[in-house]
There are 4 protein chains.
Amino acid sequence: MTRLTSDAKGVFPIAPTPFHDDGRIDTASIDKLIDFYLACGSTGVTVLGQLGEAPKLEHTESVAIAKQFIARAAGIPVVVGVSAPGFAAMRALTREVMDAGAAGVMIAPPNTLRTDDQIVGYYKQAAEAIGADVPFVLQDYPLTFSVQMAPSVVRRIVMEVPSCAMLKHEDWPGLEKISTLRGYERDGSMRHISILCGNGGLFLDYEMERGADGANTGYCFPDMLCDVVRLHSSGRKDEAKDLFDAHLPLIRYEQQPGVGLAVRKYVMMKRGLLASAAQRKPAAPMSTTTQQEVDQLLRRLARHDKRAQL
Amino acid sequence: MTRLTSDAKGVFPIAPTPFHDDGRIDTASIDKLIDFYLACGSTGVTVLGQLGEAPKLEHTESVAIAKQFIARAAGIPVVVGVSAPGFAAMRALTREVMDAGAAGVMIAPPNTLRTDDQIVGYYKQAAEAIGADVPFVLQDYPLTFSVQMAPSVVRRIVMEVPSCAMLKHEDWPGLEKISTLRGYERDGSMRHISILCGNGGLFLDYEMERGADGANTGYCFPDMLCDVVRLHSSGRKDEAKDLFDAHLPLIRYEQQPGVGLAVRKYVMMKRGLLASAAQRKPAAPMSTTTQQEVDQLLRRLARHDKRAQL
Amino acid sequence: MTRLTSDAKGVFPIAPTPFHDDGRIDTASIDKLIDFYLACGSTGVTVLGQLGEAPKLEHTESVAIAKQFIARAAGIPVVVGVSAPGFAAMRALTREVMDAGAAGVMIAPPNTLRTDDQIVGYYKQAAEAIGADVPFVLQDYPLTFSVQMAPSVVRRIVMEVPSCAMLKHEDWPGLEKISTLRGYERDGSMRHISILCGNGGLFLDYEMERGADGANTGYCFPDMLCDVVRLHSSGRKDEAKDLFDAHLPLIRYEQQPGVGLAVRKYVMMKRGLLASAAQRKPAAPMSTTTQQEVDQLLRRLARHDKRAQL
Amino acid sequence: MTRLTSDAKGVFPIAPTPFHDDGRIDTASIDKLIDFYLACGSTGVTVLGQLGEAPKLEHTESVAIAKQFIARAAGIPVVVGVSAPGFAAMRALTREVMDAGAAGVMIAPPNTLRTDDQIVGYYKQAAEAIGADVPFVLQDYPLTFSVQMAPSVVRRIVMEVPSCAMLKHEDWPGLEKISTLRGYERDGSMRHISILCGNGGLFLDYEMERGADGANTGYCFPDMLCDVVRLHSSGRKDEAKDLFDAHLPLIRYEQQPGVGLAVRKYVMMKRGLLASAAQRKPAAPMSTTTQQEVDQLLRRLARHDKRAQL
């Protein structure tokens, strides 16, 4: 059983939850997804995140999905989103997925937290609730959760809660935050943690320059994310940026709150990674215009990256 | 099986969830509580609300508690709070408690809703998710949920979602809102619904004057709430106000966010309604000073209401 | 020229801004108001606060009003609200009113502040902008401003910004906060500051017990606030509470956001302190029902306090 | 005197306010800026917006800056941001700048507005306060102001407030919103208004496709914005997109809240449009790393657009 550690690097794609058009879970596509993630060099995978439509799943479904991902993940760590309004539900899901072999869990802050003490206190209580032996990912996403964590608050959590192994960094703007956190490590005031970046990858090019360890996001070309991280890590930074910039118009388009998930699933369906682009209800349908725009973005991208020729 | 209807009147106390000091559910106190509610003239009861520590309960515990309340409620309607971040969990809990004989459910809005359309859309989807045959209580509590519903939005929900049976009114200030809603009924633009009032009862005296049907709150003297509603309804309004005013210093004290639940459980323990004042973790302990202040408030109240002589 | 100091005690009423029915400033009522405040024992006065309709005043009007209050205040300190979205406007108003003899200014936090560092940083910048020699009141009112200051944040401001002389305490619940702050003073980690309480006076009875120095609010019976603080300070606590409790139904009614100011001005007009209850536009008119309810509250109050016989 | 009309098209750059290093207003750069805007084909200009550091200006400074822009604008309309916490300040500034020849004003919603009625009511009151004859721009920017306007709310404002001439569209995601609003015009339920887009230009390519009339944003290459709108409008859409995509990495980088303005001013200084990149205090300095990243982004951009060779 792989445990998530603070040395994690590379790309942990955020997996969408595949559904059939009628709302049933599409288990065949789960296998296809995870096989693809492995093939393109992902070093982990995160399931049941915000864009995994977790709130639309009943508890038993969540557990079944996590188990299927874990079973087929061939040893790379699987992180499971367990954010919940109460610690009871969080603990219950954590217990089951950890028993099934999850590497750790991801916890987003409830959007009522305001003061530094409230935020730190919440993560202490959460870590106690799920068990001090369960590694967790701290999700820092103020745009969606309205919770703003100063770098010093991240440091307090890291230092006061030993089971915090990774930061899913999606503050915006967050480049200086990464620099500050890595500075804390250098000056000895914070132990090292893994920093993987979200925000749809919109700033991945410079997040890597600032010291991030990779990506933890669901962009519809996870293989591109793996390439960019690989190229950057091997010193081929210009190539990394050229590839990244070619994808940026689509990354930006997919990063729209609301319609973003529909775009992501649509492209992944066109790529053969999902049998259907369906979201479970309630879901906003993608307009025809949006679809045409995505098709155009793919055509334009295909001039630079053949994988977009669909 | 009693179903909640839009003609509900009187007092539906919000029941706290009784715990032993070690965090186990105190089933004996559940029986004691419901017997007390019946004895003092409650016309219904609401369980697993915001102050019922619902988020600290695992799913099976929630179901068990609801079932015990229902079994002993002797025919008065039991409403169960089912608010959840996703419709899957909401539907699952609703299904089980309705099968067990609940009269209806209560649904609070997620605090991310902003526009009128978002709020109406949410309740339409929720009603569809739990089943159009399940009566529900619309909880309007902007102070806690940050969701502001204009009277016209309440009207849209009432008119577009037939299973909306009751408004738990706790907007603040809300007196004009009650008047506006009752005006909609008079001018024929909205069907009649039951309006029971929350906010710890802080405005109950004038809410009754404005046309509310009673109270739906957890103040530690539910018997006083029953008396006030009874006196008011039988035309003895000055007596109702005299009794209410005597309790107001304590009502106000208990209405403090955060410490309020501790105060409520402490007084209910002193009254013999709960074996312990314990909250399940995480819970802020009540300070000694707070306890002394509550004791003093009770002593002062006892000069007017013997029930406070504890 | 009186300067506000951290030893301030007693009652600083929040003065409403008197208008004629046509929206012009009613200068005669300003004199009447300040004479009344002096006569009933106020130890200071605060003008142009949230409920002083400051945002409806042009700069020159604000300055004129402040000057008139200062000129007639006979030596008691006049604090002027200078909260503004930018430091330029804040500095400009501060400069003029301090030149005219104001004792200090009051600064509310912009509602976009979230983290501890943001809040402390804001007050440092504000103090620098208005000048380090200008004493200011820190307004802590999360219900209205959505800014939550932990006690440790108040301490940081007090310790890092020497010109912070007073806390206008209106956190809710805030009793423990007062105890914590006074505890900081006792353990030597924070210098002493004056704490006067707002929130319409709703918790004044127990705020005094916790160590507050008095009230800083606009309740329509400032003379009662003065009596309560005087009785409490001279050890006649039961008398203080009896008087306070008699007023609580009206205090609570006036403390409704939105309609509260209309209620306050209406009662002050009935008391002869204002020539008109008019608010400058835009203003929500008070309904006939509200007026009748206030009249009833006054009649009921008059049984205990003759001053309410109007 | 040019008045803003609902037929406005093209690019209205949001002008930064130029400062010397010591915080004084740099009037020479104001002339340089406006000359540049005219030379590159801007059809209007907006001054004293959010990123014009308006809150750091005293009233007389704001008026002086607006007057200078207007005097040199050679007949293209100048829109002045007049957002303020109160209508008095808004009216005062509007009066002065309209007298000086401004074409209209821009009004952002206060971030306390929630319900549809509150938003519509606010704009009705604002329009009445500034005068029904003053054309205004409705700023719809939920990311910054936390105010969410459904398309139906925009329609209500347009239909109920005749002086609303333009929408500064910066909802995100907002493509469907533009389509919906243009659909309202086609089905006759809303009169035509001008829609210019903000958000740093991040979605300008597809906003034009959806029916926007152009851009109203402060990106450091306003000449590129003019080119893109011109190319798009003349049917050369692929060229427009090629140029836009080349700028996207920098657009995205500049669109970071907080540091964005520093980046913008830095590039404009390098381009010779500003004598200094200084912001008036309080301002966060740009880190050396940020500066190096911007330099790199410019070098990479220069491969496609010579104007970035600085």
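Predicted model: local features only at pLDDT ≥ 70, side-chain atom pairs only at ≥ 80, totals over all residues.

1. A word on labels to begin: helices (H or I, at least four residues) and strands (E, at least two) are DSSP runs, numbered from the N terminus. Residues are numbered from 1 along each chain as its sequence is written, chains are lettered from A and ligands numbered from 1 in the order in which they are written, and side-chain values use heavy atoms, with hydrogens and water left out.

2. Is Asp305(C) buried or exposed? Asp305(C) has a relative accessible area of 5% and is buried; buried means under 20% relative accessible area, exposed over 50%, and partly exposed in between (1.4 Å probe, protein chains only). Setting aside residues up to four places away in sequence, Asp305(C) touches Leu243(C) and His247(C), where contact means heavy atoms within 4.5 Å.

3. Please also have a look at Arg3(B), in the segment before β1 (10-11) of chain B. Arg3(B) is partly exposed, at a relative accessible area of 32%. Not counting residues up to four places away in sequence, Arg3(B) touches Met98(B), Ala103(B), Asp133(B), Val134(B) and Pro135(B). A polar atom of the Arg3(B) side chain lies 2.7 Å from the backbone oxygen of Asp133(B). Arg3(B) and Ala165(B) are 162 residues apart along the chain, yet their C-alpha atoms are separated by 9.9 Å.

4. Now the interior. A nonpolar core is a set of buried Ala, Val, Leu, Ile, Met, Phe, Trp, Tyr and Cys residues joined through side-chain atoms within 4.5 Å. The largest one has 207 residues, and the members that touch the most others are Ile107(B), Phe136(B), Phe221(B), Ile107(C), Phe136(C) and Phe221(C). A second, separate core of 206 residues includes Ile107(A), Val153(A), Phe244(A) and Val158(D).

5. Beyond its neighbours within four places in sequence, the contacts of Phe136(B) include Val105(B), Ile107(B), Tyr123(B), Ala127(B) and Ile130(B). Also among them are Val161(B), Ser163(B), Cys164(B), Ala165(B) and Met166(B).

6. On to the interface of chains B and C, where 32 residues of chain B are in contact with 32 residues of chain C. The two chains bury about 2800 Å² between them, 53% of it on carbon and sulfur atoms; buried area is the accessible area (1.4 Å probe) that two parts lose on being put together, summed over both.

7. In chain B, α7 (175-186), α8 (204-209), α10 (237-254) and α12 (288-302) each supply at least two residues of the side that touches chain C. α10(B) gives the most to that side, with nine residues.

8. The symmetry of this pair is worth a mention. A rotation of 180° with 0.0 Å of shift along its axis superposes chain B on chain C, with an RMSD of 0.0 Å; copies are superposed by least squares on the C-alpha atoms of residues with pLDDT of at least 70 in both. Leu248(B) has the C-alpha nearest the axis in chain B, 3.7 Å from it. The same surface serves both copies, with 100% of the contact residues of chain B recurring in chain C.

9. Finally, chains D and A. The contact takes 32 residues from chain D and 32 residues from chain A, and about 2800 Å² is buried between them, 54% of it on carbon and sulfur atoms. The salt bridges between chain D and chain A number 12, including one from Asp205(D) to Arg252(A) with the closest N and O atoms 2.9 Å apart.

Terms used. Polar contact = N/O pair within 3.5 Å; in protein donor to acceptor, adjacent residues only side chain to side chain. Salt bridge = Lys/Arg side-chain N within 4 Å of Asp/Glu carboxyl O.
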